[in-house]
Amino acid sequence: MTVLVLKTFAKQGGASCGCPHEEATRARLAEASWVGALVEDDEVIGYAINNAPDAQGVGRVVSCAIDPDQWGRKLGAVMLGAATYQLAATGAKQAIVRARP
């Protein structure tokens with residue numbers, strides 16, 4: 001049986017991965033109010049990053065991704081659901097999610 005675990009992480013520094021989008025991801029992490037990761041068999045297979053809701057109650061899911069090898073399992077919906085739940089739990093009345101290919 002496969003067990004998926006959603007973990008919430010405190011913001012902290014980390015080693016460089018040399019990824020082409022690393023600088024942008026680090027900037028998102030620096031402003032994040034919540035970071036969650038989807039873990040299966042001790043491997044991170046997805047993540048989401050939220051910013052805190054603003055004074056008008058609008059929150060943002062600034063990044064959400066699933067490992068391409070895991071596509072087709074509807075895990076993107078799981079991760080996005082967790083991210084929007086966290087926004088609602090912190091007082092957001094609206095969530096902005098922009099999709100990019």
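Is glutamine 70 buried or exposed?

1. Glutamine 70 is buried, at a relative accessible area of 15%; buried denotes under 20%, exposed over 50% and partly exposed in between, with a 1.4 Å probe and protein chains only. The structure is a predicted model, in which local features need pLDDT of at least 70 and side-chain atom pairs count only at pLDDT 80 or more, while totals for chains, interfaces and linings use all residues. Residues are numbered from 1 along each chain as its sequence is written, and side-chain values use heavy atoms, with hydrogens and water left out.

2. The loop between β4 and α2 holds glutamine 70 (helices, H or I of at least four residues, and strands, E of at least two, are DSSP runs numbered from the N terminus). Beyond neighbours within four places in sequence, glutamine 70 is in contact (heavy atoms within 4.5 Å) with Glu40, Ile45 and Leu75.

3. Ile45 and Leu75 also belong to the largest nonpolar core, which has 12 residues. Such a core is a set of buried Ala, Val, Leu, Ile, Met, Phe, Trp, Tyr and Cys residues joined through side-chain atoms within 4.5 Å. At least two of its residues come from each of β2 (34–40), β3 (43–51), β4 (58–66) and α2 (75–89), and α2 gives the largest share, five residues.

4. Serine 63, in strand β4, is likewise buried, with a relative accessible area of 11%. Its side chain makes a polar contact of 2.9 Å with that of tyrosine 47 (a pair of N or O atoms within 3.5 Å; within protein, one must be able to donate a hydrogen and the other to accept it, and residues adjacent in sequence count only if both atoms are side-chain atoms).
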